[in-house]
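Have a look at the model first, then read on.

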Amino acid sequence: MSQHPVLVTGAAGFIGFALARRLLEGGRAVVGIDSVNDYYDPALKEARLAVLRQFASFSFHKLDLADRDATAAVFRDGSFGPVVHLAAQAGVRYSLQNPHAYLDANLAGFLNVLEGCRHRRTEHLVFASSSSVYGANTHLPFSVHDNVDHPISLYAATKKANELMAHAYSHLYGLPTTGLRFFTVYGPWGRPDMAMFIFAKAIAEGRPIKLFNYGRMRRDFTYVDDVVEAVERVIARVPAKTEAAADARLDPASSTAPWRIYNIGNNRSVEVVRVVELLEQEFGRKARTELVAMQPGDVPETCADVDDLMREVDFRPATPIEQGVHNFVAWYRDYHRQQPSL
């Protein structure tokens, strides 16, 4: 693989920032793209960018990937090797309130990235999918070889669409693409709209926490450092076109085209109430909790089958939830002292 800069979209976002910093610390140049929108407090995004700008090998474009001309210009005028597309309109519940944001960011934006990669003959496009694509699937752990044709939120449907769009471009143009289904990523610099941050803020401020599904939710919490190491390894593993055997059956996770799908999860389902207990220990105070019903678009449990990830890139995320929560709270306290608005 070339040593040209890596293009990271969503570089001011949680995973994009963590990946860009890891690459920069490893001596790799990074070109970042982000719209720095206000889905959550832009101050956190700007603080992440401030860290990245300390590296001389980091350059940044502030733009909306749904802007076809601006996105095409970055691909036309830039010099980079692999592309890691992490920019998206995130959030299951927000998709119930503002569905058009998902059409613009997750479909139009992704199409513009695919077109840019196609015309530049990009060596490898790695893109973010989501565990949400498993939708109504009840077979645990969730396997990339399972059918995922029953999404239960618009957000999930757009992520499933991204996988299909990438496959079409891999098949038509030979563009190597790899989709990553992330499972509940958490850790330092995490998103304020996600459970870990919401719970920590509520406990710190003495406000109640809503526990959905009456406290019976379980999630495959995956520590951000594990995630970025897995992504780094996937970047280096470029899928190749293969010939199909005469009796081969189509597999949802692979193709004769240079296209692949992986789960990026911890392969360990944890009760959300356990996370609350760990946060209580770290903050030294009890949480006030309210047990409420399941929300539309949500699922009671997630757990990732990561056998393919282990076999093909020799990595399995494994940071214990206890250590991950400790690291998150340490960062949260430090950052909160500097940015009291969050």
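Let's start with arginine 274, which is partly exposed because its relative accessibility is 28%, where buried means under 20% relative accessible area, exposed over 50%, and partly exposed in between (1.4 Å probe, protein chains only). This is a predicted model, so local features need pLDDT of at least 70 and side-chain atom pairs count only at pLDDT 80 or more, while totals for chains, interfaces and linings use all residues. Residues are numbered from 1 along each chain as its sequence is written, and side-chain values use heavy atoms, with hydrogens and water left out.

**Salt bridges**

- The structure holds 21 salt bridges, each being a side-chain nitrogen of Lys or Arg within 4 Å of a carboxyl oxygen of Asp or Glu.
- As background, side chains of opposite charge can pair when their charged atoms come close.
- Arginine 274 pairs up with glutamate 277, with 3.4 Å between the closest N and O atoms.
- Both of these residues sit in helix α9 (residues 272-283), three residues apart, or about one turn of the helix; helices here are DSSP runs (H or I, at least four residues), strands are runs of E with at least two, and both are numbered from the N terminus.
- Glutamate 277 is partly exposed, since its relative accessibility is 37%.
- Over in helix α7 (residues 195-205), lysine 201 and glutamate 205 are four residues apart, about one helical turn, and their side chains form a salt bridge at 2.8 Å, N to O.
- Lysine 201 is partly exposed at 22% relative accessible area, and glutamate 205 is partly exposed at 39%.
- Aspartate 298 and arginine 219 also meet in a salt bridge, at 3.0 Å from N to O.
- That pair links distant parts of the chain, 79 residues apart: aspartate 298 is in the loop between β13 (288-291) and α10 (307-313), and arginine 219 is in strand β9 (residues 218-219).
- Are aspartate 298 and arginine 219 buried or exposed? Both are buried.

**A negative patch**

- Asp64, Asp67, Asp69 and Asp104 form a negative surface patch.
- Patch members have over 30% relative accessible area and no salt bridge, with like charges joined within 9 Å and nonpolar side chains (Val, Leu, Ile, Met, Phe, Trp, Tyr) within 5 Å.
- Aspartate 104 belongs to helix α5 (residues 99-120) and is partly exposed, with a relative accessible area of 42%.

- The buried residues in α7 include Met196, Phe197, Phe199, Ala200, Ala202 and Ile203.
- Glycine 206 follows α7 and has a positive phi, near 70°.
- Glutamate 280 is found in helix α9, and at 13% relative accessibility it counts as buried.
- Leaving aside neighbours within four places in sequence, glutamate 280 is in contact (heavy atoms within 4.5 Å) with Ile203, Arg285, Lys286 and Ala287.

**The loop between β8 and β9**

- Phenylalanine 212 lies in the loop between β8 (208-211) and β9, and is partly exposed with a relative accessible area of 22%.
- Which residues does phenylalanine 212 contact, leaving aside neighbours within four places in sequence? Its contacts are Met217, Val292, Ala293 and Gln295.
- The C-alpha atoms of phenylalanine 212 and proline 82 are separated by 40 Å, the two residues being 130 apart along the chain.
- Asparagine 213 is placed in that loop between β8 and β9 too, and is buried at 13% relative accessible area.

- For context, most residues other than glycine have a negative phi, and most peptide bonds are trans.
- Asparagine 213 has a positive phi, near 55°, although it is not a glycine.
- Aspartate 314 is another residue other than glycine with a positive phi, near 55°.
- Aspartate 314 lies in the loop between α10 and α11 (321-338), and its 62% relative accessibility makes it exposed.
- Leucine 140 and proline 141 are joined by a cis peptide bond, with omega about -5°.
- Proline 141 is found in the loop between β5 (125-130) and α6 (154-173).

Conventions: Accessible areas come from the Shrake-Rupley method with a 1.4 Å probe; for residues, only the protein chains shown count as cover. Lys and Arg count as positive and Asp and Glu as negative; His and the chain ends are not counted. The place of a charge is taken as NZ of Lys, CZ of Arg, CG of Asp or CD of Glu.
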